[in-house]
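Trainee: I would like to go through this model one question at a time. Please show it first.

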Amino acid sequence: MTTSREIRLKTRPVGLPTAANFEVVSVDLAAPEPGQVQVRNTWMTVDPYMRGRMNDVKSYTPPFALGEVLQGGAVGEVIASNDPNFKVGDLVQSGNGWREAFNAPASTVQKLETQGLPPEAFLGVAGMPGLTAYVGLLKIAALKPGDVVFVSGAAGAVGSVVCQIAKLKGHKVIASAGGPEKTKFLKDELGVDVAIDYKATPDLTAALLAAAPEGIDVYFENVGGEHLEAALNAAAPFARFAICGMISQYNATAPVPGPRNMALIIGKNLRLEGFIVSNHWDMMPAFIKDLSEWSAAGKLKWKQTVKEGIEKAPEAFLGLFSGDNFGKMLVKLS
């Protein structure tokens, strides 16, 4: 019998979640049934999109159920197998995060071929966040030669990859993040052309126009609010906006006012397109091929913020909304 601790949604949050919305519960796992594997998770991810699933509303993915274990990406090791396709010791990836161990049909986990990368990278730079950056910049925003690129949330898991891909392809990159440590990282380590500390900038539009007097051609949106308004002001004619996320609004308890300058979309002939990465899994092979080459050549860097222990998972999640994460926020389980 294997004992596992798991995090359940105790109550639905109103506004910013608190620790009281979660509970830690211990469960006992029997031996896996035929066709099942038992996995002990070693790493799990927390991501901003999970906030939407805590509301009881219809969306592109079903809401979390009260009293049930939460879900999310995880990497682990098979510790018992009752399926011929898996053996003890196999590394696997699954959507069964927020728990230390689990039993599941073998068809719901994927063997993980690390290709020389650390396993936890497949929850960040080599996983969903990295693919989001790749899809948004190259497909949705349709990056083309000479584009000036603006990235908000640029020190996060997605934004930092967007910045690097754009620089690898020879573009001018303007990046926004909160605090001197993050902007220093963007300038000194990722090589962006201009790093804006939005927390210390009284006028984001003025700062963006000073950085890009010629205008921006691509905006990769992770934040929303003031950032979107500034990007509209600074957009060059025919600019393309890839709308990935708007973390500044995820905990709003009332409708958030829209940008005051939406009419600029017309005169500037702008294209704004939202996207969900799960609609673009077909690009994963091309992404992994490029990522492996960039990584092997030492051209790609990534940061991780790590909390240790399943009981720290809610703290890690809440930290996403106060900017505690530098790069990908992960929880190390064993």
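Trainee: Over the ring of which residue does the charged end of K303 sit?
Mentor: A charge sits over a ring if NZ of Lys or CZ of Arg is within 6 Å of the ring centre and within 35 degrees of the ring normal. For K303 the distance to the ring centre is 5.1 Å, and the residue that carries the ring is F326.

Trainee: Where does the charged end of K111 sit?
Mentor: K111 also has its charged end over a ring, 5.3 Å from the centre. That ring belongs to F86.

Trainee: What pLDDT do side-chain atom pairs need in order to count?
Mentor: The model is predicted, local features need pLDDT of at least 70, and totals for chains, interfaces and linings use all residues. Residues are numbered from 1 along each chain as its sequence is written, side-chain values use heavy atoms, without hydrogens and water, and side-chain atom pairs count only at pLDDT 80 or more.

Trainee: How many helices and strands are in the protein?
Mentor: Both are DSSP runs numbered from the N terminus: helices are H or I with at least four residues, strands are E with at least two. The protein has 9 helices and 15 strands.

Trainee: What is the radius of gyration of the protein?
Mentor: Taken over C-alpha atoms, the radius is set against the globule rule, 2.2 Å times the number of residues to the power 0.38. For 334 residues the rule gives 20 Å, and the protein is close to that, so it is as compact as a globular protein of that length. The C-alpha trace spans about 65 × 45 × 35 Å along its principal axes. The radius of gyration is 21 Å.

Trainee: What percentage of the residues count as buried?
Mentor: Buried means under 20% relative accessible area, exposed over 50%, and partly exposed in between, with a 1.4 Å probe and protein chains only. Of the 334 residues, the buried share is 52%.

Trainee: How are the rings of F22 and F317 arranged?
Mentor: Rings of Phe, Tyr and Trp (its six-membered ring) pair if their centres lie within 6.5 Å; planes under 30 degrees apart count as stacked, over 60 as edge-to-face and the rest as tilted. The whole structure holds 9 such pairs. F22 and F317 have ring centres 6.3 Å apart and planes at 75 degrees, so the pair is edge-to-face.

Trainee: How many residues apart in sequence are the parts that this pair ties together?
Mentor: Both F22 and F317 are buried, and together with W98 and F321 they form one aromatic cluster. F22 lies in strand β2 (residues 22-29) and F317 in helix α9 (residues 313-319), so the separation of the parts is 295 residues.

Trainee: How do the rings of F150 and Y219 pair?
Mentor: Relative accessibility is 0% for F150, and 0% for Y219. Their ring centres are 4.9 Å apart and their planes at 15 degrees, so the pair is stacked.

Trainee: With which side chain does the side chain of D47 make a polar contact?
Mentor: D47 is in the loop between β3 (36-45) and α1 (50-53), and it is buried because its relative accessible area is 6%. A polar contact is a pair of N or O atoms within 3.5 Å; within protein, one must be able to donate a hydrogen and the other to accept it, and residues adjacent in sequence count only if both atoms are side-chain atoms. At 2.9 Å, the partner of D47 is T45.

Trainee: Is D193 buried or partly exposed?
Mentor: D193 is in the loop between α4 and β10 (194-197), and its side chain makes a polar contact with that of K167 at 3.0 Å. The relative accessible area of D193 is 32%, so the residue is partly exposed.

Trainee: Which residues is N261 in contact with, leaving aside its neighbours within four places in sequence?
Mentor: N261 is in the loop between β12 (235-243) and α7 (264-267), and its relative accessible area of 11% makes it buried. In helix α6 (residues 226-234), 7 of the 9 residues are buried, among them E229 and L232. Contact means heavy atoms within 4.5 Å, and on that basis N261 is in contact with E229, L232 and N233.
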